[in-house]
Amino acid sequence: AVTGAEVSAVQRVPGGIEVRVWNPSEEPSTLRITDGVGWVVDLRGHPVRPFEGETALGKWEILTIRMPHLPA
């Protein structure tokens with residue numbers, strides 16, 4: 001389950017999946033992906049920082065998470 005953001009895309013990539021989310025609000029939120037472990041990646045797919053289930057999401061922010069498998 002994804003909370004704290006809107007999911008705009010889910011796609012298979014070599015070695016796993018990418019989930020792109022965005023915060024449609026003027027207020028910061030906390031993105032949570034149940035059992036989600038992987039990496040926040042940039043627009044070219046390069047790892048930026050680890051992702052372990054949750055992260056802060058700024059107002060209007062877009063974020064892409066790459067995970068080795070689809071969370072439960």
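1. Is Arg-66 buried, partly exposed or exposed? Arg-66 counts as partly exposed, at 29% relative accessibility. Please keep in mind that this is a predicted model.

2. Overall fold. The chain holds 6 strands and 0 helices. Read along the sequence, the pattern is β-β-β-β-β-β. The radius of gyration is 11 Å, close to the 11 Å that the globule rule gives for 72 residues, so the chain is as compact as a globular protein of that length. Along its principal axes, the C-alpha trace spans about 35 × 25 × 20 Å.

3. Burial and surface. Of the 72 residues, 35% count as buried. The chain exposes about 4,700 Å². Carbon and sulfur atoms supply 55% of that area.

4. Contacts along the sequence. Consider contacts between residues at least 6 apart in sequence. Of these, 61% join residues at least 24 apart.

5. Charges. The chain carries 7 positive and 9 negative charges. Their mean positions are 7 Å apart. How many salt bridges does a search of the whole structure find? The search finds 2. Each gets its own point below.

6. Glu-18 with Arg-66. The side chains of these two residues meet in a salt bridge, at 2.4 Å from N to O. Glu-18 lies in strand 3 (residues 16-22) and Arg-66 in strand 6 (residues 62-67), so the pair ties together parts that are 48 residues apart in sequence. The two partners sit on either side of the 20% cut-off for burial. Glu-18 counts as buried because its relative accessibility is 8%, under that cut-off. Arg-66, at 29%, counts as partly exposed.

7. Arg-32 with Glu-54. Here too the side chains meet in a salt bridge, with an N to O distance of 3.1 Å. Arg-32 belongs to strand 4 (residues 29-41) and Glu-54 to strand 5 (residues 47-57), so this pair ties together parts that are 22 residues apart in sequence. Arg-32 is partly exposed, with a relative accessible area of 40%. Glu-54 also counts as partly exposed, at 43% relative accessibility.

8. Ala-56. This residue lies in strand 5. Is Ala-56 buried or exposed? Ala-56 is exposed, because its relative accessible area of 56% is over the 50% cut-off. Which residues does Ala-56 touch, leaving out those up to four places away in sequence? They are Ser-29, Arg-49 and Glu-61. Ala-56 and Leu-31 are 25 residues apart in sequence. In space, their C-alpha atoms are 6.1 Å apart.

9. Backbone at Asp-35. Asp-35 has a positive phi of about 60°, although it is not a glycine. Where is Asp-35 placed? Its place is in strand 4. Arg-32, from point 7, lies in strand 4 as well.

10. Backbone at Trp-60. Trp-60 also has a positive phi, about 65°, and it is not a glycine. Trp-60 is placed in the loop between strand 5 and strand 6. At 46% relative accessibility, Trp-60 counts as partly exposed.

11. Where to look in the model. For the salt bridges, view Glu-18 with Arg-66, then Arg-32 with Glu-54.

Terms used
Residues numbered from 1 in each chain as written. Predicted model: local features only at pLDDT ≥ 70, side-chain atom pairs only at ≥ 80, totals over all residues. Heavy atoms only, no water. Helix = DSSP H or I, 4+ residues; strand = E, 2+ residues; numbered from the N terminus. Rg over C-alpha atoms; globule rule 2.2 N^0.38 Å. Buried < 20%, exposed > 50% of the residue type's maximum accessible area, 1.4 Å probe, protein only. Contact = heavy atoms within 4.5 Å. Areas by Shrake-Rupley, 256 points an atom, 1.4 Å probe, with all protein chains shown as cover. Lys, Arg positive; Asp, Glu negative; His and termini not counted. Charge placed at Lys NZ, Arg CZ, Asp CG, Glu CD. Salt bridge = Lys/Arg side-chain N within 4 Å of Asp/Glu carboxyl O.
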